[in-house]
Amino acid sequence: MSDVLHAPADILFYKNQKFFDYVRNITSDIVVDILQLQEINSAQILLCVENALDILYLDCDELAHLKKRVGFTLNNGDYIIRPGVRESFDFLINSLKLKVNEDKHVIQSNDNTGNGALLEQIVDAHNNEGNTFMKAFIENIVNNLKRSKNNYQYNEYVKRFALSLYILAGRNAYEFVRINLPGAIPSIATIESYMKCTNVQITECEFRFKSLKHHLNRIDSRHGFCAEDCTSVVKKISYDRISNSFIGFCTPLNNGVPQPVYFQTDNFHMLENWFKIAEKSSLLNLHMIQPITTDLSQSAPFILAAYGTNNKVISTGIIRRWLYIYNECSKESIRIIGFSTDCDAKYLKSMRLVSRFFANLPNIPITDNNDDNLFEIHVPAKWSSWFFLQPKQILLFMQDPIHLCTKLRNRILSAKATLLIGTQQVNIKHLEDLIDNSSKLDHNLVKSDIFPKDKQNFTSCLKISSKDVLSMLTENSNTTATRFYLTIIHLTILAYIDKTTSVSDRIYFAWITVFMCRF
């Protein structure tokens, strides 16, 4: 009897057919029919019902067949439920109550953090079928509280949640949560092992083309757009036990491609020499792949590679790295559509060279006219080019429009740069005169718009290139160059940022911007 009374650990989360199968296994089909008739489809609902057999005493024709199976009617008209059915119900309810009391006792006896009352309420609550993670999370805690601390176990839901928490919150925050919720999430050592098994661990300088192929196959995509950018990091040298190498140094580039596990040695003197002469990386360069897919829920970006750098690279090195990524992806049947950066001057030059925009690379073969993967624009026969570009291109390029606008704005603010258009000079003093001599209601400018402390302040770009400002500059013939330059910023915003601009207008504004930048 004790084995039967020992209900499964997750019986309180059984619902519908799974719950009915359990009831049928320990009682009978009649008990299941009574429960199904009343829509009692879980242990929580059954424990909340005062007496599930009361329905049999109702005078209802629809219950006549069931009442004959469950009990019998005396000559005086009294209805009696068969003792076996009543005992089966009592046995079922007592086994469920025993399980609830066991869980409460385990929580109260093992909880040292004041969380027992909360867990007790969750265990007693009705199961929310739509919240699978909550069910798995609480069930995992309850089961671990029955075990010794060195025998905690975790299901897949909890491991994935813990890994996300570790990545997003960091090591210290993760450890704080783990200590205050005993048995809830695994140790950091376990998470690191799980990370290694799930191929989340990224080795510095390693381009993960195989993993990219697996990711794109999973979401049924064969195309991607590559983005590259740097961010500042604290200069620090650390040892990576997985690759058995030291990371934090500036990795040498071979044709623009970083060399993996370059700083690997078992010689202490060599390591000491690296600390003396090798430069520590102050930047982290990150390559991301944005899958091209019709399902936006499957279009999360993928980390292709990451490595420390000092950003001392020439444009031809960048071009060779892009071609390396393109060719390696092609081997995996992945078509890289193009590349995107943040308007760094070296990357702008690389884009201009690859797209052959008033330039050429005789020593680096970029395209093969027989390549079926080339993008080709069919322009009218009388046209010599398309946007001053060749009609066949191997890659497309995009610049971050916000960076592009702020860089154009910062150039006009530079005390060293002299911008001439024709015989006139582009000068920020023209805007300063507007602020000093005109009403703010006319141009909506303030001093901080033309002399921003934040070099990435995009709002000032919007204000200095507004239609009202451009209209007021038209009134002075000496400000033609400045108005012309601010118009370029205004058209860039319309072409790439303003969501209200139609597709045809975006193309038109982009063409006008290219034309004005050239001439």
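Asp 449 forms a salt bridge with Lys 463, with 2.8 Å between the closest N and O atoms, a salt bridge being a side-chain nitrogen of Lys or Arg within 4 Å of a carboxyl oxygen of Asp or Glu. This pair links distant parts of the chain, 14 residues apart, with Asp 449 in helix α19 and Lys 463 in helix α20 (residues 458-464); helices are DSSP runs (H or I, at least four residues), numbered from the N terminus. Lys 463, with a relative accessible area of 21%, is partly exposed.

The model is a predicted one, in which local features need pLDDT of at least 70 and side-chain atom pairs count only at pLDDT 80 or more, whereas totals for chains, interfaces and linings use all residues. Residues are numbered from 1 along each chain as its sequence is written, and side-chain values use heavy atoms, with hydrogens and water left out.

The closest N and O atoms of the salt bridge between Glu 432 and Lys 447 are 3.2 Å apart. Glu 432 is partly exposed at a relative accessible area of 23%, and Lys 447 is likewise partly exposed, at 36%.

Within helix α2 (residues 17-26), Arg 24 and Asp 21 lie three residues apart, about one turn of the helix, and their side chains meet in a salt bridge of 3.3 Å, N to O. Arg 24 counts as partly exposed at 32% relative accessibility, as does Asp 21 at 39%. The count of salt bridges comes to 16.

Helices α16 (residues 401-413) and α22 (residues 480-496) pack at an angle of about 170 degrees, with their axes 10 Å apart; axes are lines fitted to C-alpha atoms over the stretch in contact, and angles run from 0 to 180 degrees between N-to-C directions. The two helices are therefore roughly antiparallel to each other, a term applied to angles over 145 degrees, while those under 35 count as roughly parallel, 65 to 115 as roughly perpendicular and the rest as oblique. The contact, defined by heavy atoms within 4.5 Å, involves residues including Leu 404, Leu 408 and Ile 412 of α16 and Tyr 485, Ile 489 and Tyr 496 of α22.

Definitions and conventions
Buried < 20%, exposed > 50% of the residue type's maximum accessible area, 1.4 Å probe, protein only.
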